[in-house]
Amino acid sequence: MLIRNPIQENLFKKLQIPTPDGRQLKHKTIHDLISRLNMLQQEFNNTTSLDFLKDVDTVHQALIKKYPNIGTRKTYVSNITTIISPMGYNIWLEGYAESGLEYRRILEKYAKETALQVIQQNATPKEISNWATKDELYKVVNRLRLRIEHKGYHSLSGDRFVPLIFGKETKHRNLIRDYMVGTLYTSDYTARNIYGDMRIIAKSDYDKMKGLDLMNNYLVIENKDNKQFCYGNSKTSWVYSRVDNTKIWRGVVKIALSSKLNKVVNLYLNYHKQTHLLMNTRGKPLTSTGLTKLLQKIFAPTGKVISSAILRKIFYTDEHAGDVPLINKMATAKKMGNSVGVGETHYSKKNVVLDFG
């Protein structure tokens, strides 16, 4: 099934292209492209055209000076190639083909350098400084559980719940939220930042869905004891075809909640009657950035800056230490929304056997 994203019309207007047809881009990708294009135009004092991008060497040197991290520069260069080929891969804007191919050569160089790092499976200095053991993470979540029990919200079975204490509703509701999110991300469901806009729906309603409606992420509730995460819009839900410059939807990945997580979600849902799993103070689904900030707040007691990305790497490194059967790696990859190969090369870090005391 092929889907075009009408929101990218905003990007095409900025590029002064009359039609929104072309690449199929996610909302976040379009936002990132516009944001980085604005930054580049301000850097080169050229907010009316893309001409400055033709001077590849000058642009590249500016990126090297501004961004020491090779990964950040790689992202910018990749974004530039998309900006100057908005209609599809290798379909360059008029006058930009030569520059586009030069940017591609830079990307190939970066790919070789980062591939070497991946093969060596070395954690970056930033990852090492923010690395926490699973025990440290579990302690944070356990403290949240004890605080909940101390305040009387101790029934995790879903059978009975006490009312929120008058005058403490928001504070205690947030405490229960933090406990649910902390439990979610210290189990084996650390599937990036996709839970913010995850919709809550009854299984009977989900089973009636077809087509576009399935291309979202859902918490599907059958009953108190049975729930599923249905990922219809995760990173692995789509595959890009360079043959006809389209994205093809691969389908829904369904993961049943464990008994432990199901009980915690029951507690959470009793005190959070809402349309989406996580929502902000304005009643809107929590953004990816909002979820990152929430994770950092929850795990701040570790003294580290914890995001979903580092949590995924911690999980893989711990779970897959030593000789792990392939079937176990496949199960982990499914729950985390990636392939076994990606997990082994990008998430499992072999040089983080450190003293964290």
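Author: For lining classes, Ala, Val, Leu, Ile, Met, Phe, Trp, Tyr, Cys and Pro count as nonpolar, Asp, Glu, Lys and Arg as charged, and the others, Gly among them, as polar. The model is predicted, so local features need pLDDT of at least 70 and side-chain atom pairs pLDDT 80 or more, while totals for chains, interfaces and linings use all residues. Residues are numbered from 1 along each chain as its sequence is written, and side-chain values use heavy atoms, without hydrogens and water.

A cavity is a set of points on a 1 Å grid over the protein atoms alone where a 1.4 Å probe fits but cannot get out; lining residues have an atom within 4 Å of a point. Points are joined across faces, edges and corners, and a volume is the space filled by probe spheres set on them. The structure holds 1 cavity of 30 Å³ or more. The largest cavity has about 60 Å³ of space. Its lining comprises 10 residues, with K134, L137, Y185, T186 and F315 closest to the centre. By class, 6 of the lining residues are nonpolar, 3 polar and 1 charged.

T302 lies in the loop between α11 and α12. T302 counts as buried because its relative accessibility is 14%, under the 20% limit (1.4 Å probe, protein chains only).

Methods
1 Å grid on protein atoms, 1.4 Å probe; cavity = no way out; pocket = protein on both sides within 12 Å on 5 of 7 lines; lining within 4 Å. Helix = DSSP H or I, 4+ residues; strand = E, 2+ residues; numbered from the N terminus. Buried < 20%, exposed > 50% of the residue type's maximum accessible area, 1.4 Å probe, protein only.
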